[in-house]
Amino acid sequence: TQSRSSAASDVYKRQDFDRMPYILGGVDGKTLLKTGDLIYVRGALATGVSSFKIYQSGQRYVDPATGAAIGLEAEEVGQARLLSEQEGLAMLKITGVTEEVTPGDRIMISESLGLDATLFPQPPARAVSGQIIGLRSDGTIAAAHAVVTIDLGLTDGLAVGDLLAVARPGETVKDPVTGQPVTLPDQSIGQMLVYQTLDQIAYALVLKAVSYTHLRAHETGRNL
């Protein structure tokens with residue numbers, strides 16, 4: 001069984017996610033659904049497609065500076081196959097699950113987030129500085145090969161293949177002589193490679209980290 005932390009996910013605007021077809025319920029009224037169950041789906045499915053993915057709403061991403069909503073992560077929890085469509089409802093059969101499927105889960109075509117083996121690392125076209133806002137897992141620790149979400153995207157000029165440095169802002173301490181606050185230098189803790197970009201966020205693969213990195217919302221990604 002595929003773990004939730006390794007399952008596919010995509011980020012959508014909330015209003016786009018809410019418009020997607022959704023599970024109304026099991027054909028027998030069941031609300032806790034598993035592999036082999038038949039389900040009714042309400043909403044327009046993509047034409048000419050018989051295999052679909054089942055998604056649940058996951059982490060909500062916000063701009064750490066303004067608090068404005070960036071997007072909603074949709075997490076894959078199963079797969080289903082179309083059997084029939086009639087009277088505004090479609091009947092599908094669940095062919096696999098990684099988590100419990102429930103009414104309200106969305107039905108859509110999955111797009112792979114796989115890493116292109118032909119990527120050639122390059123510095124960003126222009127200076128960028130952003131923050132890590134999420135981990136593609138349920139934990140708060142990332143080492144080499146972990147996937148992170150950052151609050152930079154296409155609108156910031158970020159591109160697939162961009163290589164970024166990861167830095168932890170220096171702590172602020174009190175000067176023992178003057179009593180004034182002093183901010184210590186940033187600490188370099190790793191590097192990451194951008195492998196997918198959306199409008200306002202991007203996914204990056206941690207290539208090199210100093211031991212284990214406890215990722216916090218204020219840690220930054222910037223040019224090397």
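## Glu76 and strand E5

Glu76 counts as buried because its relative accessibility is 5%, where buried means under 20% relative accessible area, exposed over 50% and partly exposed in between (1.4 Å probe, protein chains only). Glu76 belongs to strand E5 (residues 69-86); helices (H or I, at least four residues) and strands (E, at least two) are DSSP runs, numbered from the N terminus. The side chain of Glu76 is in polar contact with that of Gln79, at 2.9 Å. A polar contact is a pair of N or O atoms within 3.5 Å; within protein, one must be able to donate a hydrogen and the other to accept it, and residues adjacent in sequence count only if both atoms are side-chain atoms.

The model is predicted: local features need pLDDT of at least 70 and side-chain atom pairs count only at pLDDT 80 or more, while totals for chains, interfaces and linings use all residues. Residues are numbered from 1 along each chain as its sequence is written, and side-chain values use heavy atoms, with hydrogens and water left out.

## Pairing of strand E4

Strand E4 (residues 51-62) runs antiparallel to E5, joined to it by 10 bridges; two strands pair if DSSP finds at least two bridges between them. Within this pair, Leu72 in E5 stands opposite Arg60. E4 and E5 form a hairpin with 6 residues between them, and Gly67 in the turn has a positive phi of about 80°.

E4 also pairs with strand E7 (residues 106-108), in the antiparallel sense and over 3 bridges. Here Ile107 in E7 is the bridge partner of Ile54.

E10 runs antiparallel to strand E8 (residues 129-135), with 3 bridges joining them. Thr149 in E10 has Gly134 opposite.

The largest nonpolar core contains 16 residues, and those with the most contacts inside it are Val148, Ile150, Leu158, Leu164, Met192 and Val194. At least two residues of this core come from each of E8, E10, E11 (163-168), E14 (187-197) and E15 (202-209). A second, separate core has 14 residues, among them Val41, Ala90, Leu92 and Val101. A nonpolar core is a set of buried Ala, Val, Leu, Ile, Met, Phe, Trp, Tyr and Cys residues joined through side-chain atoms within 4.5 Å.

## Salt bridges

The whole structure has 4 salt bridges, each a side-chain nitrogen of Lys or Arg within 4 Å of a carboxyl oxygen of Asp or Glu. One of them joins Asp16 and Arg19 at 2.4 Å, N to O. Asp16 counts as partly exposed at 29% relative accessibility, whereas Arg19 counts as exposed at 61%.

Lys30, Lys34 and Asp37 are linked in a network of salt bridges. The N to O distance is 3.0 Å for Lys30 and Asp37, and the closest N and O atoms of Lys34 and Asp37 are 3.7 Å apart. Asp37 counts as buried, since its relative accessibility is 11%. Lys30, at 25%, counts as partly exposed, and Lys34, at 47%, counts as partly exposed.

## Surface patch

Val173, Val182 and Leu184 form a nonpolar surface patch with about 200 Å² of accessible area together. Patches are made of residues with over 30% relative accessible area and no salt bridge, like charges being joined within 9 Å and nonpolar side chains (Val, Leu, Ile, Met, Phe, Trp, Tyr) within 5 Å. Accessible areas come from the Shrake-Rupley method with a 1.4 Å probe; for residues, only the protein chains shown count as cover. Val182 lies in strand E13 (residues 181-183) and counts as partly exposed because its relative accessibility is 35%.
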